Amino acid sequence: MYDCIIVGAGPAGGTAAYHLAKRGRSVLVLEKESLPRYKPCGGGVSPQVAKWFDFDFSPAISTKVDTIRFTWKMGDPVQAGLQTPEPMWMVRRDVFDHFLIQQAQKQGAELKDSTEVKSIAFQNDAWQVNTSNGAFTGKFIIAADGAKGPMAKLLGFKERVRRLGGALEAEAPANVVNSNIAHFEFGMVKNGYIWNFPKADGYSIGIGTFRGGEGQDFKKILSEYSTLFGIDLKTTKQYGHPLCLWDGNQRLHTQNAVLAGEAACVVDPMTAEGIRPSIFSGLKAAEAMDKAIAGDINALENYTQVITEEWGADMVWAQRLAGVFYRIPGVGYKVGVKRPSATQRMGQILCGEMKYGDVAGRALKRLSGSLIPGMGG
């Protein structure tokens, strides 16, 4: 009988496992893949996450970025240094996620990878989790199995509040020039952007749409963009996957269980940043579970409230900004991205140094004012 069974060994699951095990709770992490495992992801991580842990992440960081470069239809570039105390981390998810789980194991958490959850049942005040490698019993469950995982449905969360986006990503081995620069392209894709994030041994190139709408030929667009960096995407393996973007607050707890990470739909609707919000939700899930295990009957309900207040409140602004920016990206690029201060602000948001609520009101006014005479500011 475990105090808590965590399903999913991504950033949310690894974080929750680390903090619960550190508090002396018995923790089992179930992961359907064999670790370390590849996960398509740009791999940009806010250095802010370091303050939530007491160990050094250096072994899990591939390179660090201190400069952002934007383009519009592969031209009209804007480059700005990040005005932040720490540069942004670039990680490979197989290395990063496994490193986090290893830290949890050092604290006493158990890991069973290559173990897929098949069904669950709540009986005798505990969860029985039936897997491809037998059954396990735990008092509580943290479901952190991502956008496509089955746990939310198995726990009875029928229709989650979320906006589904889509992404296509490729890992391109390359001799990286300027490994301190992250690239963003806004003009070639509708309702989203293209990114190229440097790693020590190549580039993570991806394209994503965050607002839905008409179909687009992701492979063709991404292939054309990659020529900027001398990369032929036909020689790389490409991965398509859904994104569970935040689309409003919702209940994230049920009988002796909570949702965390992308299963909780916490991905930023403006930038599609997912690692920092997943880690944040894993941290808060661990804090709530620790209290629940100790007998606090309101702890899991409070978890929903904490995510609503400490993450959702700022995502309202991110969503508003995304709604305007991606509808009129040409105007957004001209009056937003091309302003040096705007680029620095976005860097601060990506690095966790600033919230959307600090800048969105003025940014929305500026964007709207470019469309409606007299509203500029």
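**A walk through the strands, pockets and cysteines**

Hi everyone, let's start with a piece of sheet: strand 10 and strand 11 (residues 134-143) run antiparallel and are joined by five bridges. Strands here are DSSP E runs of at least two residues, helices are H or I runs of at least four, and both are numbered from the N terminus. Two strands pair if DSSP finds at least two bridges between them.

Before going on, a word on the model: it is predicted, so to speak of local features we need pLDDT of at least 70, side-chain atom pairs count only at pLDDT 80 or more, and totals for chains, interfaces and linings use all residues. Residues are numbered from 1 along each chain as its sequence is written, and side-chain values use heavy atoms, with hydrogens and water left out.

Back to our strands. Asn130 has Ala135 as its bridge partner in strand 11, and two residues sit between strand 10 and strand 11 in their hairpin. Strand 10 (residues 126-131) also pairs with strand 9 (residues 117-123), antiparallel again, over six bridges.

Three strands form an open sheet in the order 3-7-4, with antiparallel pairing. Strand 3 (44-45) and strand 4 (63-65) are at the edges with a single partner strand each, so one side of each has no neighbour in the sheet. Strand 4 is joined to strand 7 (residues 88-90) by three bridges, and Thr63 has Met90 as its bridge partner.

What does the record say about this region? UniProt, in an unreviewed entry, places the feature "domain: FAD-binding" at residues 2-158. UniProt positions follow the numbering used here, feature names are shortened, and annotations may be inferred rather than shown by experiment. Over residues 2-158 the chain is 19% helix and 36% strand.

Next, the spaces. On a 1 Å grid over the protein atoms alone, a cavity is a set of points where a 1.4 Å probe fits but cannot get out; a pocket is an open set with protein on both sides within 12 Å along at least five of seven lines, and lining residues have an atom within 4 Å of a point. Grid points are joined across faces, edges and corners, and a volume is the space filled by probe spheres set on the points.

The second largest pocket holds about 590 Å³. Its lining has 27 residues, with Gly336, Ala342, Arg345, Met346 and Ala363 nearest the centre. Which helix gives the largest share of that lining? Helix 8 does, with seven residues. Helix 8 (340-350) also has buried residues, among them Met346, where buried means under 20% relative accessible area, exposed over 50% and partly exposed in between (1.4 Å probe, protein chains only).

The largest cavity is about 80 Å³, and helix 6 gives the most to its lining, with five residues.

Finally, the cysteines. A disulfide is a pair of cysteine sulfur atoms within 2.5 Å, and the count comes to zero. For Cys4, the nearest cysteine sulfur, that of Cys265, is 19 Å away. Cys4 is buried, at 0% relative accessibility, and Cys265 is buried at 1%.
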